[in-house]
Amino acid sequence: MVDRGSTCGKVTDLPLDAVLPAFLIALVGYVAGHKLNLDVGTLSRICLYILTPSLAFNSLATSQIPLGDAWRLGIGGLLMPFVFLGAFTLLARALRWDQALSRAMSLPALFANAGNYGLPVLLFAFGQEGMDLGVIVMGTQTILMSTLGVYLAASSNMDPKKALGQIFRMPSIYAMTLGILVKALNITIPTILGRPIGLLAGATVPVYLMVLGLQLVGVKGELSAGVTSAVVSFRLVVAPILAGFVGYALGLRGLPLKVLTLEQAMPSAVNVTILANEFNANPKGVSRITLMSTMGSVVTLTIWIMLIRSL
């Protein structure tokens with residue numbers, strides 16, 4: 001079987017110890033981005049095309065996750081953005097936002113930073129098993145951000161074929177499929193392949209966090225305090241509550257339910273700012289939400305980990 005590689009964290013007793021280390025590494029990336037003029041594009045592509053597929057394959061091929069839990073967790077991850085979209089649409093109507101603002105703000109409200117922030121926090125909070133489960137949630141979000149996210153950003157001007165094509169260009173989808181097959185068929189991977197995959201997987205968490213910090217360099221934008229607080233509150237408070245109810249209804253219990261809930265308590269995905277810029281969906285406002293939710297998550301994630309562990 002594939003070598004799991006070394007991990008850069010272990011289960012921590014204090015909730016803040018699961019959040020603050022991840023935030024501090026991201027802060028190092030943020031400062032380095034200011035001082036060293038690093039190329040975030042190259043590092044992001046390394047994460048997308050090399051490290052993330054390695055982590056996805058390694059986690060799924062070597063995990064001890066029961067297939068029943070994996071499927072339910074995957075279904076839960078696929079359902080989450082649609083549940084959030086319904087709830088957020090009701091909120092936007094209650095606040096009397098116009099359609100353009102509602103569509104733009106739905107991007108940071110629906111999509112959590114399940115990858116380069118969520119996986120490290122899961123690793124520190126719940127250990128390797130927690131991160132393995134988180135990979136499933138991250139994979140489903142990759143699919144939905146490439147389709148539903150693009151539709152929301154582009155509104156009615158999106159070509160369906162282009163959105164569908166985004167899925168098949170994501171190497172993580174193929175890596176996840178291979179990892180599930182290896183696990184299900186109990187295939188033994190040769191050491192000459194298993195070790196480099198394991199080493200690349202082990203490098204993913206610190207590089208993820210550095211890239212997160214780099215991506216936040218220069219992020220700013222103007223948005224009213226009311227809109228900002230509403231979207232950030234939805235992302236950090238309402239979304240994990242909804243995720244917990246949906247996961248429970250799907251039959252998830254124990255660690256899988258905790259992982260689904262905590263992944264949806266993460267701040268807004270930094271990648272939504274890319275979509276907002278690409279399709280001119282209020283990019284300054286989306287950037288501000290991303291930054292504010294990331295900063296606020298240090299407090300809210302600490303509280304969520306404390307609550308989730310007590311269940």
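The legends below describe several close-up views of a predicted model.

**View 1. Confidence along the predicted chain.** Averaged over the chain, the pLDDT is 87, and 91% of the residues score at least 70. Confidence is highest in helix H9, with a mean of 97, and lowest in helix H6 (residues 160–168), where the mean is 60. Where pLDDT is low, the predicted coordinates should not be read in detail.

**View 2. The aromatic pair of Phe 88 and Phe 234.** A pair of aromatic rings is described by the distance of the centres and the angle of the planes. The ring centres of Phe 88 and Phe 234 are 5.3 Å apart and the ring planes stand at 75°, so this pair is edge-to-face, since an angle over 60 degrees counts as edge-to-face. Because Phe 88 belongs to helix H3 (residues 67–94) and Phe 234 to helix H9 (residues 225–249), the pair ties together parts of the chain that are 146 residues apart in sequence. Both Phe 88 and Phe 234 are buried. Together with Phe 84 and Trp 97, these two residues form one aromatic cluster, and the model has three aromatic pairs in total.

**View 3. A charge over the ring of Tyr 248.** Here the charged end of Arg 253 sits over the ring of Tyr 248, at 3.6 Å from the centre of that ring.

**View 4. The largest nonpolar core and Phe 111.** The largest nonpolar core contains 90 residues, and those with the most contacts inside it are Trp 97, Met 105, Leu 107, Phe 111, Tyr 117 and Leu 262. Helix H5 (residues 118–154) gives the most to this core, contributing 19 residues. When residues up to four places away in sequence are not counted, Phe 111 touches a set of residues that includes Pro 81, Gln 141, Leu 144, Met 145, Arg 235, Pro 267 and Val 272.

**View 5. Thr 294 in helix H12.** Thr 294 is located in helix H12 (residues 283–310). Its relative accessibility is 4%, and therefore Thr 294 counts as buried, the limit being under 20%. A polar atom of the Thr 294 side chain lies 2.7 Å from the backbone oxygen of Thr 290. Once neighbours within four places in sequence are left aside, Thr 294 is in contact with Phe 23, Leu 216 and Pro 267.

**View 6. Asn 186 in the loop between helices H7 and H8.** Asn 186 is found in the loop that lies between helix H7 (171–185) and helix H8 (191–215). With a relative accessibility of 60%, Asn 186 counts as exposed. Along the chain Asn 186 and Ser 54 are 132 residues apart, and their C-alpha atoms are separated by 18 Å.

View 7. Most residues other than glycine have a negative phi. Asn 37, however, has a phi near 55°, a positive value in a residue that is not glycine. Asn 37 is placed in the loop between helix H1 (15–36) and helix H2 (40–62), and its relative accessible area of 70% makes Asn 37 exposed. Arg 96, which is not a glycine either, has a positive phi of about 60°. The loop that holds Arg 96 runs between H3 and helix H4 (99–110), and at 79% relative accessibility Arg 96 counts as exposed.

How values were computed. Residues numbered from 1 in each chain as written. Predicted model: local features only at pLDDT ≥ 70, side-chain atom pairs only at ≥ 80, totals over all residues. Heavy atoms only, no water. Phe/Tyr/Trp six-rings, centres within 6.5 Å; stacked < 30°, edge-to-face > 60°. Helix = DSSP H or I, 4+ residues; strand = E, 2+ residues; numbered from the N terminus. Buried < 20%, exposed > 50% of the residue type's maximum accessible area, 1.4 Å probe, protein only. Lys NZ or Arg CZ within 6 Å of the ring centre and 35° of its normal. pLDDT = per-residue confidence, 0-100. Polar contact = N/O pair within 3.5 Å; in protein donor to acceptor, adjacent residues only side chain to side chain. Contact = heavy atoms within 4.5 Å. Core = buried A, V, L, I, M, F, W, Y, C linked by side-chain atoms within 4.5 Å.
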